[in-house]
Amino acid sequence: MATYPIRFLANGCVSLGRPGRWAATLTWQRGAGNVPGQYGLDSKSRPRILAGGAPEGHVLITFEGVTKRYPDGTVAVDHLDLEIPVGQTMVLVGPSGCGKTTSLRMINRMIDPTSGRILLDGQDIQQSDPPDLRRGIGYVIQQSGLFPHRTIEANIATVPLLIGWGKARARTRARELMELVGLEPQMASRYPYQLSGGQQQRVGVARALAADPPVLLMDEPFSAVDPIVRASLQDELIKLQSELHKTIVLVTHDVEEAIKVGDQVAIFRPGGKIAQVDTPERLLGSPADDYVENFLGFDRGIRRLSFLAASGLNLTDSAVVSAGTPAAQAAQAARRAGESWLLVVDADRKPLGWAAVDELESSPVEAKAGGAQLMAYGHTFDVSSDSLRAALDATVLSPAGQAAGVDDLGRVVGVTSYDRLRTAILAADARSAQADVTEAAAES
């Protein structure tokens with residue numbers, strides 16, 4: 001018999017279903033506990049059941065004119081209006097003191113706003129009891145925030161036990177999440193001090209996911225680890241999100257991190273105001289003003305290429321030759337095509353290296369292209385899965401100023417160049433502009 005996780009929404013709602021799906025209406029029974037066929041919490045009640053699913057594009061978290069002003073007059077957040085769609089990762093980024101962390105902490109009522117409202121699935125969170133609210137929202141902080149006196153398994157099982165799960169069920173859930181975040185089973189009985197910083201942060205993520213909350217708050221979760229571990233954890237988060245489809249609000253100072261992990265990015269100005277909210281691609285391509293442009297950095301054009309698929313390149317095979325081709329024949333074909341370098345491939349079309357056409361022309365009559373002095377080809381890019389940024393990087397590092405595009409088996413499909421990259425970028429810009437026009441027309 002299949003079992004499905006219970007989701008306790010922060011507004012007091014409960015749903016039962018598979019990740020990415022919502023179940024039909026459930027019947028709530030006070031104090032039903034873990035009785036088979038009934039769903040409830042021992043001696044705890046919730047106001048209502050979430051009767052239906054949230055459609056794609058549904059706004060789960062809404063800030064309506066939210067301001068946070070402290071007694072000394074400091075304004076941390078100033079009339080914030082923001083909508084966060086269900087199942088997406090919203091990244092709040094900006095300089096220190098801009099209000100991004102305050103905004104995040106107001107979602108689970110660690111901080112209450114001075115004015116305005118925050119709605120969770122249409123319900124004002126001020127109507128929710130703060131402890132109950134927080135038990136229904138995952139929370140990951142800097143340096144993991146684990147309980148040092150508890151084992152890894154016990155740390156992960158904290159919230160399930162608090163909301164009434166049995167020990168066996170909570171333990172099973174902890175082991176499942178350890179596997180999900182890439183922790184070995186034998187680590188369950190260890191203590192936080194026995195783990196590396198990256199492993200501790202994985203435990204923190206697992207603990208936040210333990211009760212399967214629909215919302216996950218992450219306050220600079222990767223800032224305390226070294227760059228290599230940080231990149232790995234970012235990749236893990238992207239992978240987890242593709243599987244779990246949580247609504248994630250993540251705070252960071254690192255604009256590169258924001259661009260990498262965010263479905264949408266909100267850039268804050270000093271003083272608690274938002275400068276621009278948009279997708280990473282649109283932020284990089286069309287910053288709202290000089291502040292946003294300067295915040296994104298001078299290389300935003302290069303970073304934007306990460307969102308353009310290499311499959312849009314028009315590759316050529318006129319510069320590709322098999323190793324067994326006579327050198328003179330290869331040189332003549334290259335000259336006719338206007339090529340000064342040839343990419344030599346083996347019988348399986350795997351790249352071997354670049355041969356200079358001048359050298360091929362001066363080779364003995366019996367020489368083969370594969371016998372020439374070959375220059376390293378640097379690295380290739382996958383035509384089906386890589387971006388134009390990867391293709392550009394491969395081109396820059398190639399001694400020929402060209403790069404080999406390969407299929408998923410590493411076989412050469414064709415070669416690109418700076419001119420071909422430029423053509424692909426212009427074509428992508430034209431498609432994007434047309435899409436914006438179509439979208440604007442649909443909204444009008």
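This is a predicted model: local features need pLDDT of at least 70, side-chain atom pairs count only at pLDDT 80 or more; totals for chains, interfaces and linings use all residues.
Biologist: How many helices and strands does the protein have?

Modeller: Helices (H or I, at least four residues) and strands (E, at least two) are DSSP runs, numbered from the N terminus. The secondary structure of the protein comes to 15 helices and 18 strands.

Biologist: What percentage of the 444 residues count as buried?

Modeller: Buried means under 20% relative accessible area, exposed over 50%, and partly exposed in between, with a 1.4 Å probe and protein chains only. Of the 444 residues, the buried share is 46%.

Biologist: Which residues have the most contacts inside the largest nonpolar core?

Modeller: A nonpolar core is a set of buried Ala, Val, Leu, Ile, Met, Phe, Trp, Tyr and Cys residues joined through side-chain atoms within 4.5 Å. The largest one has 41 residues, and α6 gives the most to this core, with five residues. Those with the most contacts inside the core are Ile 156 and Met 218.

Biologist: Which residues does Met 218 contact, leaving aside its neighbours within four places in sequence?

Modeller: Contact means heavy atoms within 4.5 Å. With neighbours within four places in sequence left aside, the partners of Met 218 are Leu 104, Val 140, Val 205, Leu 237, Ile 248, Val 249, Leu 250 and Val 251.

Biologist: Are α6 and α7 roughly parallel or roughly antiparallel?

Modeller: Axes are lines fitted to C-alpha atoms, for helices over the stretch in contact, and angles run from 0 to 180 degrees between N-to-C directions. Angles under 35 degrees count as roughly parallel, over 145 as roughly antiparallel, 65 to 115 as roughly perpendicular and the rest as oblique. Helix α6 (residues 197–209) and helix α7 (residues 227–244) pack at about 20°, with axes 10 Å apart. The angle therefore makes α6, relative to α7, roughly parallel.

Biologist: How do the residues of the contact of α6 with α7 divide?

Modeller: On the α6 side are Gly 198, Gln 201, Arg 202, Val 205 and Leu 209, and on the α7 side are Val 229, Ser 232, Leu 233, Glu 236, Leu 240 and Leu 244. Ala, Val, Leu, Ile, Met, Phe, Trp, Tyr, Cys and Pro count as nonpolar, Asp, Glu, Lys and Arg as charged, and the others, Gly among them, as polar. The division is six nonpolar, three polar and two charged.

Biologist: Are α14 and α15 roughly parallel or roughly antiparallel?

Modeller: The axes of helix α14 (residues 388–397) and helix α15 (residues 418–443) come within 10 Å and cross at roughly 165°. This angle makes the arrangement of α14 and α15 roughly antiparallel.

Biologist: Is Ala 275 buried or exposed?

Modeller: Ala 275 lies in strand β12 (residues 273–278). Not counting residues up to four places away in sequence, Ala 275 touches Ile 267, Phe 268, Arg 269, Ala 288, Tyr 291 and Val 292. Because its relative accessibility is 15%, Ala 275 counts as buried.

Biologist: How does Ser 340 count by relative accessibility?

Modeller: Ser 340 is found in the loop between α12 (327–336) and β14 (341–345). Ser 340 touches Ala 355, Ala 356 and Val 357, not counting residues up to four places away in sequence. At 43% relative accessibility, Ser 340 is therefore partly exposed.

How values were computed: Residues are numbered from 1 along each chain as its sequence is written. Side-chain values use heavy atoms; hydrogens and water are left out.
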